[in-house]
Amino acid sequence: MSDYQDGSYDATGWYGSLPSHHDVTLTLRDDAVTEVQITTPADDPVSLEYQQRFAAALPGEIIGRDIDTLQIDRLAGASGCSEGFMDALAKIKNAAQS
């Protein structure tokens with residue numbers, strides 16, 4: 001039995017002192033992530049580069065995994081982006097609970 005309802009969920013994850021954010025869309029099926037989309041809205045070129053690298057690497061780390069096993073600490077050299085993703089993930093898990 002699934003702990004989360006199948007579907008597509010959106011959340012904004014905040015991080016950093018500016019603050020920065022990502023808009024994350026996760027699609028779940030049988031508690032597993034089947035698709036992810038993440039924005040890279042930074043205006044600062046350095047921040048944007050980190051966000052883009054993080055967004056490119058994220059699907060390979062989470063697609064096919066159970067949502068409860070996801071713990072992204074640092075990915076593609078972007079620790080702040082990970083914090084934003086984990087913030088959005090907590091909101092998505094809350095919205096998807098059955």
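The protein chain holds 2 helices and 3 strands, where helices (H or I, at least four residues) and strands (E, at least two) are DSSP runs numbered from the N terminus, and the elements run β-β-β-α-α from that end. The radius of gyration, taken over C-alpha atoms, is 13 Å, close to the 13 Å that the globule rule gives for 98 residues, so the chain is as compact as a globular protein of that length; the rule is 2.2 Å times the number of residues to the power 0.38. This is a predicted model, in which local features need pLDDT of at least 70 and side-chain atom pairs count only at pLDDT 80 or more, while totals for chains, interfaces and linings use all residues. Residues are numbered from 1 along each chain as its sequence is written, and side-chain values use heavy atoms, with hydrogens and water left out.

**Whole chain**
- The C-alpha atoms fill a box of roughly 45 × 20 × 20 Å along the principal axes.
- Of the 98 residues, 37% count as buried, meaning under 20% relative accessible area with a 1.4 Å probe and protein chains only.
- Among contacts (heavy atoms within 4.5 Å) with a separation of 6 or more, residues 24 or more positions apart account for 51%.

**Serine 82**
- Serine 82 lies in helix α2, which covers residues 79-96, and is buried, with a relative accessible area of 0%.
- The side chain of serine 82 reaches the backbone oxygen of alanine 78 at 3.1 Å.
- Leaving aside residues up to four places away in sequence, serine 82 touches Phe54, Ile72, Asp73, Arg74 and Leu75.

Key. Buried means under 20% relative accessible area, exposed over 50%, partly exposed in between (1.4 Å probe, protein chains only). A polar contact is a pair of N or O atoms within 3.5 Å; within protein, one must be able to donate a hydrogen and the other to accept it, and residues adjacent in sequence count only if both atoms are side-chain atoms.
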